[in-house]
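Please consult both while reading the points below.

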Amino acid sequence: MADPYHSNAYHNHQGGGGGGGDAYGSYGEGGGQDGYTYQGEYPAQEEDAASDATEGHDEEDQMYEGEYQGIPHPDEVKAAQRAARAKSRAAGSTITELEELSEQYEDIMQDCGHGKFQWTLFMVLGLALMADGVECFVVAFVLPSAEKDLCLSNAEKGMLGLTVFLGMMVGAFVWGGLADKVGRRRCLIVALAINCVFAFLSSFAQGYGFFLFFRLFSGIGIGGSVPIVYSYFSEFLQMDKRGEHLSWLCMFWMVGGIYASFTAWGIIPRYGWGFSMGSEFQFHSWRVFVLVASLPAVTSLVGLMFMPESPRFLLENAKHDEAWMILKQVHDTNWRAKGQPEKVFTVTHIKAPKTAEDEFIEIQSATGTAIQRWTVRSATLCKLVLKNVASLLSAELRFATLFLAIIWFCMAFSYYGLSVWFPDMIKHLQNEEYDARVKVFHRERVERFRFNFSLENQIHRGGEYIRDEFINIEIKSVTFEDSLFEDCYFKDVRSTDTVFRNCTIRSTEFIKTDLWEDKFIDCKLENVTWHENKHGCHLDTVEENDVLIYLVSFLGSLAVLPGNIVSALFMEKVGRVKIIGGSMLVSAGCTFLLFLSFSQAAIIALQCLFCGVSAAAWNGIEVVTVEMYPASKRATAFGLLNAMCKLAAILGSSIFASFVGVTKAVPILLSFAALICGGLVALKLPDTRDKILQ
């Protein structure tokens, strides 16, 4: 879809091509000391050009509400801030071109205000972030059903879970790097489109290989949402709104978890919500859930079609005409919604450097065939992205990158590791309780009996079953040891976790069952026949989809709400560094309480406490990451750090899961050490509250 903001340039202004030896492209005529000019203190208007909105009002009658209370007018505050910055520049050393652009841009965003445009963008980008949150839960929710439908082994289930994070790790790095060179909006649209397409295809995949492949690319697509969303949204925010509103944006990740839990709970247990075409194509309810889970990404994708590119990105790439048009749109949209349509966008001149990188691409793309141009452009783009990544370790950024890498890794290792450990521990406790209720039968003899009731959670040792019939029943978690089956008849039998060990089976028929030879371990089979046995895997009973997995995820996501609210309200008052460091240290203290978790209720309560406190740390980490890097490297840095986060998630979830049922001490001590390390490093970061976005 053509971008309406990129097509029409105002005819009285000159664009960013730049002529002569001037290192700047300019917009408008004349220049100002600050790099841009306003049309006087108030917009110049002819006598007959007054707005209808002000007709019939005397300007002297318009009184600011806070005047009598001694509260300065917001315009006076902005003017004072600008004067202070101008004074500091005059007293200090010469500022660089990019520093000058940063101050220009901050002043312009203050004039544009915060209103309808930002809230619209907030919702659109929030849905993209919500899609990322949903992606983290999809595989966990569908596995109990998909493992039967796709015949998954334990190793394949583990690989499927890790593949999603692997895809998100690759996507974060790739899309973050491209967003700084191609554009935030364009990259986010492509990334979400890839996620939607492959999520749709994965719902129809009938084999494990295809499902794994589609979920990998779905993860690669959605992996770009986090680094791009925060970089994109921050460039439409003024300094005093940045921390709070970026924190509110983080809440959409929590909404994604709640959405995934509710929809999974409402759809997956409904086995009738599906259809089949023979035995080769099955579409069960969990596949419906996979489709529904992609709706936030689809909605965000549609919304992005109506959103403009980041003007800050355009200015960094010397596209002044387009940037000016978008900034004017932001200004007019906000003030029109506030009932002040007469306010005029007074910026007439913006200076911004034109980089040599763009010139290089333009020169190379003007020669050769289409394939050659595409090859050169792609190669050049890869070089520029890698060069941008390498610049994160330059002298002025290496300590920020190192400290943030440690913080991201430690937080993700602990958070994602415990996020897997909590439900696995609950499942382990459930299994222990289930095993404690097992019934054991010794040396029973059953002859000429028809079993027309299900068998569950039993162990039969040394039994004899002569001329018995097992018809249309389910055998669940049953073990037959050292038993004899003679002249028996099994028909329409479904089994789960059922084995025959060291048994003797004579003259017995198995018709339309799933009791294949691999269920008979060290058994002696004499004159045994199988007829019309069930092929492949099938869904078992509703109990296989325990609602507790949805409840735990829902409560964990809901517990994030208090942390989000507190961090949003105090992000500007307390500061990012104290929120990150304090939250991580408090989270470390919470992990020690896990030594007292001897019941399912205690584990769920501690999970909610940990998630709530961790949310504040995550919000602070994401805000400070945006503020520590210049616009030309912001998405690249965020993508690299988010990729490291996903790597830590893979390591944490794998390590913590391996100790379930073995010991609680190792996961608790590992998470405690990681959080303490990350929290102490966070306290060394500079405070970026009053820092203009570079």
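The model is predicted. Its largest nonpolar core has 152 residues, and the largest share of that core, 19 residues, comes from helix H3 (residues 116–149). A second, separate core has 21 residues.

**Nonpolar cores**

- Within the largest nonpolar core, the residues with the most contacts are Tyr230, Phe289, Tyr416, Trp618 and Tyr629.
- Tyrosine 416 is in contact with Phe165, Trp253, Trp618, Cys645, Lys646, Ala649 and Ser653, leaving aside its neighbours within four places in sequence.
- The second core, which is separate, includes Leu455, Leu515, Cys523 and Val528.

**Helices H4 and H6**

- The axes of helix H4 (residues 154–179) and helix H6 (residues 208–222) come within 6 Å and cross at roughly 30 degrees.
- Angles under 35 degrees count as roughly parallel, and H4 and H6 are therefore roughly parallel to each other.
- The crossing in which H4 passes H6 is right-handed.
- On the H4 side, the residues that meet H6 are Glu156, Met159, Leu160, Thr163, Val164, Gly167, Met168, Val170, Gly171 and Trp175.
- On the H6 side, the residues that meet H4 are Tyr208, Phe211, Leu212, Arg215, Leu216, Gly219, Ile220, Gly221 and Ile222.
- Sorted by class, the contact of H4 with H6 has 12 nonpolar, 5 polar and 2 charged residues.

**Helices H4 and H5**

- The axes of H4 and helix H5 (residues 184–204) come within 8 Å and cross at roughly 150 degrees.
- Angles over 145 degrees count as roughly antiparallel, which makes H4 roughly antiparallel to H5.
- Trp175, Leu178 and Ala179 of H4 make this contact with Arg184, Cys187, Val190, Ala191 and Ile194 of H5.
- By class, the contact of H4 with H5 has 7 nonpolar residues, no polar residues and 1 charged residue.

- The axes of helix H15 (residues 398–436) and helix H18 (residues 576–592) come within 12 Å and cross at roughly 35 degrees.
- H15 and H18 form a left-handed crossing.
- Ile407, Cys410, Met411 and Leu418 of H15 are in contact with Ile580, Met584 and Thr591 of H18.
- The contact of H15 with H18 has, by class, 6 nonpolar residues, 1 polar residue and no charged residues.
- Methionine 411 is found in H15 and counts as buried, at 0% relative accessibility.
- Leaving aside neighbours within four places in sequence, methionine 411 is in contact with Met584, Ser614, Ala617, Trp618, Ile621 and Leu675.
- Methionine 411 and isoleucine 621 are 210 residues apart in sequence, and their C-alpha atoms are 9.4 Å apart in space.
- Trp618, one of the residues with the most contacts inside the largest nonpolar core, is in contact with tyrosine 416 and with methionine 411.

- Helix H7 (residues 225–234) is mostly covered, with 10 of its 10 residues buried.
- The buried residues of H7 are Ser225, Val226, Pro227, Ile228, Val229, Tyr230, Ser231, Tyr232, Phe233 and Ser234.
- Among them, Tyr230 is one of the residues with the most contacts inside the largest nonpolar core.
- Glycine 133 is found in helix H3 and is buried, with a relative accessible area of 0%.
- Not counting residues up to four places away in sequence, glycine 133 touches Trp253 and Gly256.
- Glycine 133 and valine 255 are 122 residues apart in sequence and 7.8 Å apart in space, C-alpha to C-alpha.
- Trp253 is in contact with glycine 133 and also with tyrosine 416.

**Positive phi outside glycine**

- Arginine 443 is not a glycine, yet its phi is positive, at about 50 degrees.
- Arginine 443 is found in the loop between strand S5 (439–442) and strand S6 (445–447), and it is exposed, with a relative accessible area of 71%.
- Asparagine 472 also has a positive phi, near 50 degrees, in a residue other than glycine.
- Asparagine 472 is found in strand S10 (residues 469–481), and it is exposed, with a relative accessible area of 57%.

Technical notes
Residues numbered from 1 in each chain as written. Predicted model: local features only at pLDDT ≥ 70, side-chain atom pairs only at ≥ 80, totals over all residues. Heavy atoms only, no water. Core = buried A, V, L, I, M, F, W, Y, C linked by side-chain atoms within 4.5 Å. Buried < 20%, exposed > 50% of the residue type's maximum accessible area, 1.4 Å probe, protein only. Helix = DSSP H or I, 4+ residues; strand = E, 2+ residues; numbered from the N terminus. Contact = heavy atoms within 4.5 Å. Axes fitted to C-alpha atoms, helices over the stretch in contact; angles between N-to-C directions. Parallel < 35°, antiparallel > 145°, perpendicular 65-115°, else oblique. Left-handed = near helix turned anticlockwise from the far one by under 90°. Nonpolar A, V, L, I, M, F, W, Y, C, P; charged D, E, K, R; others polar.
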